[in-house]
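Work through the following exercises with the model open beside you, and try each task before reading its solution.

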Amino acid sequence: MSENMQGLKRTHYCTEVSKELIGQEVVVTGWVQRRRNLGQLLFITLRDRTGLLQLAFGEQTQEQLFEKAERLRSEFVIVAQGIVRSRGADVNHSMATGDIEIEVTELRILSEAETTPFEIVENSDVKDELRLKYRYLDLRRPDMQHNIILRSKVAGSVRRFLETNGFLEIETPMLTKSTPEGARDYLVPSRVHPENFYALPQSPQIFKQLLMVSGYDRYFQIVKCFRDEDLRADRQPEFTQIDIEMSFVDVEDIISMNEKLIQQVFKETMDMNIELPIQRLTYQEAMDRYGSDKPDVRFGVELVDLTQTLTNCGFAVFENAINGGGTIRAINAKGMGDLGRKQIDALVKYGQDYGAKGVAWLQIKADGTEKSSFTKFLSEEIVSQIKEKMNATGDDLIMIVADKPNVVFATLGALRLEVARRLELTQKSDYKFVWVTDFPLLEYDEEAGRYVAMHHPFTMPKEEDLHLMDSEPSKVRAQAYDLCLNGYELGGGSLRIYQQDIQEKMFQLLGFDKETAYERFGFLLNAFKYGTPPHGGIAFGLDRIVMLMTQSDSIRDVIAFPKVKDASCLMTDAPNVVDVKQLEELHISTIEPKQASEDVE
């Protein structure tokens, strides 16, 4: 039968009990981790969110109390009062409190527990599906509690820094207007406005710009955002963003402020010193060297441009790529010179998954012997030039891709990461930050037949490129910047357009006529008529930052109640059907999903 806590109040968390308290009476609470019954002696390991503590029942324990302790099982919730004493020579070095224990004088069982579907221990080898179905149990495990506690500390550190630097925390609406430009919106039907819908915000972008118009020149918010997009290890349908906006600033002001923010957060929560200023690369430098706009700069294996070397080389595959406006780049995987053919073919297949038609390769073994998929089509002189440019010295695997630039960068960017993984060139505990700046303002969408904004429609072009907006819009660079860490984008932002003529030109390039622009963004454009300061900002992914801090493989491990790949919750069984009455109130009817037609041979 369960008891209550009346008359007993917790005085210490488990790991707050120390040698300094020997001889004193304490009250502790928590869950039973394990029970050791040695006949005349009984030991209970108690667990709370700070760690473990041993409770002792022995010859001095009253018989009734000892019998109650014998009833305890794993995950029972208890409160215990007793005297702190030394464990003498029986020290448990695996516990922070391993040199002391509590001689229990009073014990109450607050709640009993059935046998759990998995053991509540650190680094439990349990399938993700089971962990997520019983997430409330998974969250009891010490490594998960460490993650969630660290997340709380990061959020607290962010708030302290921004408040100290004059930022105001202001909330923005969760129910807003759909402005489709990017990922799909999550829609919410309106009961009082039949056939009309709210959208959950993909970000507070427009509202934070309106706050700048409103005169709140330093805003921040730690806010939920929603995107209906394909999921992966570092994506969730709902995620948390550290949103920051500033007025009367330039790019340098924003970068400087946010470097200091990141420096403080890592120092306060991980005791790690981040040297400032953080390295910077332009977008083009990042693509040319690493094949990625979120480069992992912890290791080399950089891309090398072979386009000029292979011009008029006589090999049709290379020449056709160049003549078609493409490029030829390569990486040298030093240390892979002795790979077997099956392993090389697997790397080629890996590269093809990123869009390349093929990956040419030259293998130079440690003893100097060579194998290749393409050198028989080239002269010895050109092969020699390739090896020289690639710094080939032996035990090398040179991989070459010839295609459109975006395909070449995507393929080799992925291959260099795979090479680093196989050769173990990086460690999760090694943190290397880099700013990527000067992104293209626009990218051309072949399917839509028009330009789309690389960031969003309110991104300010670089002033020296404004003259290109009419003649060569693809060459216009944005005053945009991303902060990257170990191959992940931590956050991105830009200066915003605040002049009406530049905004109209931007909408024109994106294929929006004036009527369409006002239909989608009218409330922002109207606000801009009443005096708009120069402004800009950045948004960090809180989940992703904590994922990297905890060296986790997925942001699911740093979110209390995450979704799985199909955006469902295994614990609550969401999404689910609702009552017909609810649908009728919303003026909604559902239709049966179409079944996929069978293939006809």
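**Exercise 1.** Which element gives the most to the lining of the second largest pocket?

*Solution.* Keep in mind that this is a predicted model. Begin with the extent of the space: the second largest pocket has a volume of about 520 Å³, and 23 residues line it, with R49, T50, G51, E122 and P142 lying nearest its centre. Next, assign the lining to secondary structure, where β1 (25-37), β2 (42-48), β3 (51-57) and α4 each contribute at least two residues. Among the contributors, α4 gives the most, namely seven residues.

**Exercise 2.** Determine how helix α4 is placed against helix α16, and which residues make the contact.

*Solution.* First take the axes: those of α4 (residues 142-164) and α16 (residues 542-549) come within 10 Å and cross at roughly 125°. Angles from 65 to 115 degrees count as roughly perpendicular and those over 145 as roughly antiparallel, so α4, with its crossing angle of roughly 125°, is oblique to α16. The handedness comes next, and the crossing in which α4 passes α16 is right-handed. Then list the residues in contact, which are N147, L150, R151 and V154 on the α4 side and L542, D543, V546 and M549 on the α16 side. Finally, classify them: the contact of α4 with α16 comprises five nonpolar, one polar and two charged residues.

Definitions and conventions:
Residues numbered from 1 in each chain as written. Predicted model: local features only at pLDDT ≥ 70, side-chain atom pairs only at ≥ 80, totals over all residues. Heavy atoms only, no water. Axes fitted to C-alpha atoms, helices over the stretch in contact; angles between N-to-C directions. Helix = DSSP H or I, 4+ residues; strand = E, 2+ residues; numbered from the N terminus. Parallel < 35°, antiparallel > 145°, perpendicular 65-115°, else oblique. Left-handed = near helix turned anticlockwise from the far one by under 90°. Contact = heavy atoms within 4.5 Å. Nonpolar A, V, L, I, M, F, W, Y, C, P; charged D, E, K, R; others polar. 1 Å grid on protein atoms, 1.4 Å probe; cavity = no way out; pocket = protein on both sides within 12 Å on 5 of 7 lines; lining within 4 Å. Points joined across faces, edges and corners; volume = space filled by probe spheres on them.
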